[in-house]
Amino acid sequence: MQKRAEEKQVIFSSLKEALLQLLAQKSFEKITISQLVTTAGVARSTFYRHFTDKLDFVRFLIQQELTAFDQQYHLQTIKERFQKEYMREVWRYLLRDQRAVLGLERAGLSYLYLEELNQHLLTLYPYTMTTEEQIELFGLAGAQYNIIFNLFVKKRH
């Protein structure tokens, strides 16, 4: 079972790298699945076994990164996510994968990050939240989005 998970990770990594390469050359809309899988060295059927389209793949990549980040930083409350040290860790994490963040922004898909972050945060706190907690949660998502796409991206251009 472990080998299959490793094989899937290699496929996903190859597809991500191919997407980033292609985004450096052309707009997201002009990238075809055929170009993506050819560049990645992956069969078209393999792509469609896991994803319905390019947007589904991008959403998957965002979810994967959000999950990996939260596995490193086990926060118990929404308030902890507003603390300065946590926000610094978000920044450091972005620096490690800045090519992907910039590619997402160049592709005009930064809105997907906010949508997926909102969904991700909701799954971390599956209990019934108060209105105040929901406001805090969506405020956090908005703050993180602004750090990434209004501060981080602008500093890199």
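Trainee: Where is Phe152 placed?

Mentor: Phe152 is in helix α8. Helices here are DSSP runs of H or I with at least four residues, strands are E runs of at least two, and both are numbered from the N terminus. Before we go on, this is a predicted model: local features need pLDDT of at least 70, side-chain atom pairs count only at pLDDT 80 or more, and totals for chains, interfaces and linings use all residues. Residues are numbered from 1 along each chain as its sequence is written, and side-chain values use heavy atoms, with hydrogens and water left out.

Trainee: Thanks! Is Phe152 buried or exposed?

Mentor: Phe152 is buried, with a relative accessible area of 0%. Buried means under 20% relative accessible area, exposed means over 50%, and partly exposed is in between (1.4 Å probe, protein chains only).

Trainee: And what does Phe152 touch?

Mentor: Not counting residues up to four places away in sequence, Phe152 touches Trp91, Leu94, Leu95, Gln98, Val101 and Ile147. Contact means heavy atoms within 4.5 Å. The C-alpha atoms of Phe152 and Leu102 are separated by 8.9 Å, and these two residues are 50 apart along the chain.

Trainee: Switching to the core, which residues touch the most other members of the largest nonpolar core?

Mentor: Those are Leu15, Leu19 and Tyr113, out of 47 residues in that core. A nonpolar core is a set of buried Ala, Val, Leu, Ile, Met, Phe, Trp, Tyr and Cys residues joined through side-chain atoms within 4.5 Å.

Trainee: Which helices supply at least two residues of this core each?

Mentor: They are α1, α2, α4, α5 (84-96), α6 (98-106), α7 (110-124) and α8 (131-156). The largest share, eight residues, comes from α8.

Trainee: Let's look at Leu19, then. What does Leu19 touch?

Mentor: Leaving out residues up to four places away in sequence, Leu19 touches Phe28, Ile31, Leu36, Phe57, Val58 and Leu61. Two of these deserve a visit of their own, Phe57 and Ile31.

Trainee: OK, where does Phe57 lie, and what does Phe57 touch?

Mentor: Phe57 lies in helix α4 and counts as buried, at 0% relative accessibility. With residues up to four places away not counted, Phe57 touches Phe12, Leu15, Lys16, Leu19, Leu36, Phe47 and Phe51. Phe12 is 45 residues from Phe57 along the chain, with 9.0 Å between their C-alpha atoms.

Trainee: And Ile31, where does that lie?

Mentor: Ile31 lies in the loop between α1 and α2. At 2% relative accessibility, Ile31 counts as buried. Apart from neighbours within four places in sequence, Ile31 is in contact with Leu19, Leu22, Leu23, Lys26 and Lys54.

Trainee: How about α2 itself, which of its residues are buried?

Mentor: In α2 (residues 33-40), Ile33, Leu36, Val37 and Ala40 are buried. Seen down the axis of α2, the buried residues fall within an arc of 90 degrees, so they line one face of the helix. The arc is that of the directions from the helix axis to the C-beta atoms. What covers these buried residues includes α1 (2-23), α3 (44-50) and α4 (54-72). Just after α2, Gly41 takes a positive phi of about 75 degrees.

Trainee: How do α1 and α2 cross?

Mentor: Their axes come within 8 Å and cross at roughly 120 degrees. Axes are lines fitted to C-alpha atoms, for helices over the stretch in contact, and angles run from 0 to 180 degrees between N-to-C directions. In the contact, Ser14, Leu15, Ala18, Leu19, Gln21 and Leu22 of α1 meet Gln35, Leu36, Val37, Thr39 and Ala40 of α2.

Trainee: Last one: what about α4 and α5?

Mentor: The axes of α4 and α5 come within 12 Å and cross at roughly 130 degrees. That makes α4 oblique to α5. Angles under 35 degrees count as roughly parallel, over 145 as roughly antiparallel, 65 to 115 as roughly perpendicular and the rest as oblique. Glu65, Ala68, Phe69, Asp70 and Gln72 of α4 make the contact with Tyr86, Glu89, Val90, Tyr93 and Arg96 of α5.
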